Amino acid sequence: MSLAALGGCGFTPVYGPEGAGTALQGAIRLRAPDGPGAYRFNQRFEERLGRSTSPTYEMAVNLSVKQVGMGSTSAGSTTRFRVDGTADVALTLIATGEPVLRETITAFTGYSTTGNTAATLAAERDAGARLMVILADQTVDRLLLNADRLAQAAR
């Protein structure tokens with residue numbers, strides 16, 4: 001399919017000159033992080049959409065993380081963990097205080113405990129950081145999918 005055909009079907013690149021995603025760049029103020037996971041989430045979010053310069057929206061994110069043992073040895077030691085994460089996201093128009101988007105984003109990652117204690121701790125920290133990146137990326141993707149609707153609410 002050619003680019004001309006895409007233009008005829010109403011397709012507009014989200015970051016193109018007429019794309020609604022451009023309006024979200026630097027327009028979302030995040031609440032201050034309350035821990036390392038939230039800090040990593042905010043960092044990745046701002047890598048994708050930029051730090052708010054003249055915010056139109058404020059976004060509150062409630063993060064929760066749970067570890068689940070997945071594999072074990074015959075002696076009963078856990079050898080693999082799955083790390084489940086949830087981000088409850090609420091986007092509000094700053095001017096009116098009106099909520100414009102509520103989403104629950106879920107993701108998971110995992111790590112192995114077969115190394116020594118230092119390696120296991122490093123793997124656990126890395127899995128947590130990867131999980132926050134995944135949750136932030138999915139949150140940005142969800143915002144971009146709703147960019148047209150959000151732009152209309154801000155008018």
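Modeller: In this predicted model, helix 5 (residues 147–154) lies across strand 2, strand 3 and strand 4, and it runs at about 145 degrees to strand 4. These strands belong to an open sheet of four strands, ordered 1-2-3-4, in which the pairing is mixed. Its edges are formed by strand 1 (28–30) and strand 4 (99–112), each of which pairs on one side only. On average, and with direction ignored, neighbouring strands of the sheet are turned by 30 degrees against each other. Helix 3 (residues 36–49) also packs on the sheet, where it touches strand 1, strand 2 and strand 3; the direction of helix 3 makes about 120 degrees with that of strand 2.

The pairing can be followed strand by strand. Strand 2 (residues 57–72) and strand 3 (residues 78–93) run antiparallel and are joined by 15 bridges. Strand 3 and strand 4 likewise run antiparallel, with 13 bridges between them. The latter two strands form a hairpin with five residues between them, and Gly97 in the turn has a positive phi of about 75 degrees.

Towards strand 2, Asp84 is the bridge partner of Lys66; in strand 4, its bridge partner is Phe108.

The aromatic rings complete the picture, as the structure holds two aromatic pairs. In the pair of Phe41 and Phe45, the ring centres are 6.4 Å apart and the planes stand at 15 degrees, so this pair is stacked. Both residues lie in helix 3, four residues apart, or about one turn of the helix. Phe41 is buried, with a relative accessible area of 1%, and Phe45 counts as buried at 0%.

The pair of Phe81 and Tyr111 is also stacked, with 5.4 Å from centre to centre and 20 degrees between the planes. This pair links distant parts of the chain, since Phe81 is in strand 3 and Tyr111 in strand 4, 30 residues apart. Tyr111 is buried, having a relative accessible area of 4%. Phe81 has a relative accessibility of 21% and therefore counts as partly exposed, because buried requires a value under 20%.

Definitions and conventions. Residues are numbered from 1 along each chain as its sequence is written. This is a predicted model: local features need pLDDT of at least 70, side-chain atom pairs count only at pLDDT 80 or more; totals for chains, interfaces and linings use all residues. Side-chain values use heavy atoms; hydrogens and water are left out. Two strands pair if DSSP finds at least two bridges between them. Axes are lines fitted to C-alpha atoms, for helices over the stretch in contact, and angles run from 0 to 180 degrees between N-to-C directions. Contact means heavy atoms within 4.5 Å. Rings of Phe, Tyr and Trp (its six-membered ring) pair if their centres lie within 6.5 Å; planes under 30 degrees apart count as stacked, over 60 as edge-to-face and the rest as tilted. Buried means under 20% relative accessible area, exposed over 50%, partly exposed in between (1.4 Å probe, protein chains only).
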